[in-house]
Amino acid sequence: MLDHLAFETPKPTRIAGAKEDWELVIGMEVHAQVASNAKLFSGASTAFGAEPNSNVAFVDAAMPGMLPVINEFCVEQAVRTGLGLKARINLFSAFDRKNYFYPDLPQGYQISQLYHPIVGEGEVIVDMGPGVARRVRIERIHLEQDAGKSVHDMDPNMSFVDLNRTGVALMEIVSRPDIRGPEEAAAYVVKMRQILRYLGTCDGNMQNGNLRADVNVSVCRPGDYERYQETQDFAHLGTRCEIKNMNSMRFIQAAIDYEARRQIAILEDGGEVVQETRLYDPDKNETRSMRSKEEAHDYRYFPCPDLLPLEIEQDWVDAIEASLPELPDAKKARFVTVFGLSEYDAGVLTADVEAAHYFEKVAEVGDGKLAANWVINELFGRLKKDDRDITTCPISPEHMGEIIALIKSGDISGKIAKDVFEIAYTSGRAPAEIVETEGMKQVTDTGAIEAAVDAVIADNPAQVEKARANPKLTGWFVGQVMRATGGKANPKAVNEIVAAKLGL
Amino acid sequence: MSIDIETARKVAHLARIKVEEDRLPALAGEFNTILGFIEQLNEVNIDGVEPMTSVTPMRLKRRVDEVTDGGYPEKILKNAPDAREGFFAVPKVVE
């Protein structure tokens, strides 16, 4: 099986400044909340939306004398993620303290992995349309603790702090600066989210902040990036700024576009870009400096004395690798080769892991192409109309497959099938039963069709004369017969019989 | 490495520990004594010696992924100088 389809590299985004053309260079840090029941170093729950400070253990609140004990499943999830990104797994990793002061960080430091991350170099193939994709290198993934949440709008003078999220496991997935435009950056996050959801290592819920990205943006002149690629020397690239905490694909694109233009204006004016952390304001569509973060950048990292190094065994890693599910690129390639789907349709069906599983169950009836058409056009269209997604889909894949089977066997026409689908979708009834009970079965019995044709001819002698003079009018007879049979007659059979009976 | 008064002031600020101006020279002095003590370690030849992370060979203790803790917000908030509606209440911090 192909790992992924062959692809071409997209052209980097080029922005015309007032004086010359510029290109973008983007690197991303994706923070993905690990899907687990308990936190990284405590037995408190990770559930979203609990009462404030109720999912907090004493160790999360940094009470004196409390010690962290690592959740082995969180380690497994990080390893699984690394394997899913074809990355090197480090059997030896270690935890460090990243020190900074903030009200939602009771320890006064975040336990992270600066010097020895658990996952090393990997890659992601970012799809940019059929046959076009960008290979983005992953530099590392490390495990770390999330911080708490501050609420600023409940009181004019105070901020309120909830520690429920404090200590939840995060994977920070760091890319190389291989992303070359705002659309690629958004597509990278889409692809990363898709892979994480396939792996089951992060639910990818961006609204709840379970997946968020820091975006590093710099600009350079055409040709500079290629020189960087040859030498891996960052001196060829411009100074970067980091836009923090983006949790929307649309805002990521808008923020990058704004930030690139801001940097270009500075450079063309003879100025210098200052390396700093910035925040995107979607209301004003601009980025602004987070000066408060600058001083805090002195994190005074040191190895965490509460935790021994994390040593894992190759056998364990191999077992996790053996349990990996089929990933998006492989699934898409298989849908193309096995079901004969277009790359576009295969991409639509594999975009979401649940939808892909649903489709595969429907396709078990044996006609993958027909199943794909029905799932994409009828089902996805209907779900969209109801503002639902596949997880709350009211029609089971078995019933959907039954409809496909009924079409294939000639029991119902494609047109009637849409009615059957609507009834099955709204009522939950089985399609075969619907066809039977509602008498929707296509009439292929020529005797019955002939009788209906005879009746229409007998009742409409004037039309018969006209049709004999002008054969184009036979369509009227076909329509009458279809109406008389409640649309159940096989249209092809009706056509033939009408033509024969009229002597055309 | 030597800690001057400026560095002592910065370290105190990063840790949000209030140190009066007249206490800074003494603090910088103490830092230097500690660092000097640590410096002695640099005299030891450690070529080919693996870093030791524990005095006895131990494997990092793991826990299983089960919810076994939490559910006592009143205890968590008990020592808070100010708490409202289940939250810690702190002076306003806005970016």
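The charged end of R180(A) sits over the ring of Y225(A), 3.9 Å from its centre. A charge counts as sitting over a ring when NZ of Lys or CZ of Arg is within 6 Å of the ring centre and within 35 degrees of the ring normal. In chain B, K75(B) lies over the face of Y72(B), at 5.5 Å from the ring centre.

A word on conventions before going on. This is a predicted model, in which local features need pLDDT of at least 70 and side-chain atom pairs count only at pLDDT 80 or more, while totals for chains, interfaces and linings use all residues. Residues are numbered from 1 along each chain as its sequence is written, chains are lettered from A and ligands numbered from 1 in the order in which they are written, and side-chain values use heavy atoms, with hydrogens and water left out.

**Aromatic pairs**

Over all chains, a search of the whole structure finds 14 aromatic pairs. Rings of Phe, Tyr and Trp (its six-membered ring) pair if their centres lie within 6.5 Å; planes under 30 degrees apart count as stacked, over 60 as edge-to-face and the rest as tilted. For F41(A) and F95(A), the ring centres are 5.4 Å apart and the planes stand at 80°, so this pair is edge-to-face. F41(A) lies in the loop between β2 (21–33) and β3 of chain A, and F95(A) in the loop between β4 (92–93) and β5 (96–99) of chain A, so the pair ties together parts that are 54 residues apart in sequence. Helices (H or I, at least four residues) and strands (E, at least two) are DSSP runs, numbered from the N terminus. Both F41(A) and F95(A) are buried, where buried means under 20% relative accessible area, exposed over 50% and partly exposed in between (1.4 Å probe, protein chains only).

Another edge-to-face pair is formed by W374(A) and F421(A), with 6.2 Å centre to centre and 70° between the planes. This pair links distant parts of the chain, 47 residues apart: W374(A) is in helix α10 (residues 368–385) of chain A and F421(A) in helix α12 (residues 414–427) of chain A. Y100(A), Y299(A) and Y301(A) form one aromatic cluster.

**Some buried residues**

Here are relative accessibilities for a few side chains from this report.

| Residue | Relative accessibility | Class |
|---|---|---|
| W374(A) | 7% | buried |
| F421(A) | 3% | buried |
| C202(A) | 2% | buried |
| C220(A) | 3% | buried |
| S54(A) | 13% | buried |

**Cysteines**

How many disulfides does a search of the whole structure find over all chains? The count is zero, a disulfide being a pair of cysteine sulfur atoms within 2.5 Å. The closest cysteine sulfur to that of C202(A) is in C74(A), 12 Å away and too far for a bond. C220(A) is in no disulfide either, as the nearest cysteine sulfur, that of C241(A), is 15 Å away.

**Two helices of chain A**

The expected span is 1.5 Å times one less than the number of residues. Eleven of the 13 residues of α1(A) are buried, so the helix is largely enclosed by the rest of the structure. Among the elements that its buried residues pack against are β8 (133–145), β11 (169–175) and α2 (182–199) of chain A. N71(A) caps the N-terminal end of α1(A), with a side-chain oxygen 3.0 Å from the backbone nitrogen of F73(A). Just after α1(A), K86(A) takes a positive phi of about 50°.

Helix α11 (residues 397–408) of chain A has twelve residues and reaches 16 Å from its first C-alpha to its last, close to the 16 Å expected. The buried residues of α11(A) include H399(A), M400(A) and I403(A), and the buried residues pack against α9 (353–362), α10, α12 and α13 (431–437) of chain A. G410(A) follows α11(A) and has a positive phi, near 80°.

**Two loop residues**

S54(A) lies in the loop between β2 and β3 of chain A. A polar atom of its side chain is 2.6 Å from the backbone oxygen of E51(A). Not counting residues up to four places away in sequence, S54(A) touches N164(A), G70(B), G71(B), Y72(B) and P73(B), contact meaning heavy atoms within 4.5 Å.

G340(A) lies in the loop between α7 (328–339) and α8 (343–350) of chain A and is partly exposed, with a relative accessible area of 34%. G340(A) and K369(A) are 29 residues apart in sequence and 6.7 Å apart in space, C-alpha to C-alpha.

Notes. Polar contact = N/O pair within 3.5 Å; in protein donor to acceptor, adjacent residues only side chain to side chain.
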